Amino acid sequence: MRIAIDPGHGGKDPGAVGGQLRESEVALAISLFLRDELVDGGHSVLMTRETDVFITIGDRCRLANTWKADLFLSIHCNAASSPQAHGMELLIFPGSARGRDLAGHIWGALRDIPGLRDRGIKPRGDLGVLRGTSMPAVLVEAAFISNPENRRDHLETTHGRRRIAKAIAQGVMEWV
Ligand SMILES: [Zn+2]
């Protein structure tokens with residue numbers, strides 16, 4: 001399988017910031033672990049970025065479409081004005097049956113992570129990377145960077161980041 005991994009934000013766009021942590025940094029770290037897992041599993045991986053650089057939404061989509069990826073994974077962290085909000089959710093393009101099926105497998109694996117609340121799979125028609133990609137696509141909101149416990153347990157440490165990456169990889173490889 002040809003798998004495009006899209007670490008959200010980067011460069012002049014840090015994404016959401018919680019504590020000392022930038023979403024762009026967490027998304028890249030999880031994405032690099034995810035790449036390693038998928039390459040180990042025998043898949044070809046395209047990264048839309050591998051360093052802390054800014055890339056437009058259009059370029060992210062063009063890279064994946066031109067490379068003819070079989071699926072597209074955009075990696076993000078969630079944020080809310082209430083620090084109480086926590087957990088993971090998966091966003092898909094409305095009406096994409098294969099996208100929903102892929103998300104279902106990833107969701108099933110992420111649900112096994114202790115302490116990571118399941119907020120479900122949500123259709124979102126307004127997100128550029130879901131609209132602009134021509135293959136099944138899932139945007140993973142791994143946990144809330146605005147929630148101190150989510151940061152501590154899932155986003156700050158190598159252990160937490162790798163555990164999320166492994167779960168996403170497991171879900172993808174079950175779908176394939
Ligand atoms: Zn984001």
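**Exercise 1. Classify E50 by accessibility and find its salt-bridge partner.**

Step 1. E50 has 47% relative accessibility and counts as partly exposed. The classes are buried (under 20% relative accessible area), exposed (over 50%) and partly exposed in between, with a 1.4 Å probe and protein chains only. This is a predicted model: local features need pLDDT of at least 70, side-chain atom pairs count only at pLDDT 80 or more, and totals for chains, interfaces and linings use all residues. Residues are numbered from 1 along each chain as its sequence is written, and side-chain values use heavy atoms, with hydrogens and water left out.

Step 2. The partner of E50 is R35, with the closest N and O atoms 2.7 Å apart. A salt bridge needs a side-chain nitrogen of Lys or Arg within 4 Å of a carboxyl oxygen of Asp or Glu.

Step 3. E50 sits in the loop between β4 (44–47) and α2 (57–66), and R35 in helix α1, so the pair ties together parts 15 residues apart in sequence. Helices (H or I, at least four residues) and strands (E, at least two) are DSSP runs, numbered from the N terminus.

Step 4. R35 is also partly exposed, with a relative accessible area of 24%.

**Exercise 2. Which residues coordinate the zinc ion?**

Step 1. The donors are H9 (NE2), E23 (OE) and H76 (ND1), at 2.0 to 2.1 Å. Donors are N, O and S atoms within 2.8 Å of the metal (3.2 Å for Na, K and Ca); water is not among the atoms, so sites may look incomplete.

Step 2. The sequence spacing of the donor residues is H-x13-E-x52-H. E23 belongs to helix α1 (residues 23–40) and H76 to strand β5 (residues 71–78), so the pair ties together parts 53 residues apart in sequence.

Step 3. Both E23 and H76 are buried.

**Exercise 3. Where do charges sit over rings?**

Step 1. The charged end of R2 is over the ring of W67, 4.2 Å from its centre. The test is NZ of Lys or CZ of Arg within 6 Å of the ring centre and within 35 degrees of the ring normal.

Step 2. K12 lies over the face of F54, 4.4 Å from the ring centre.
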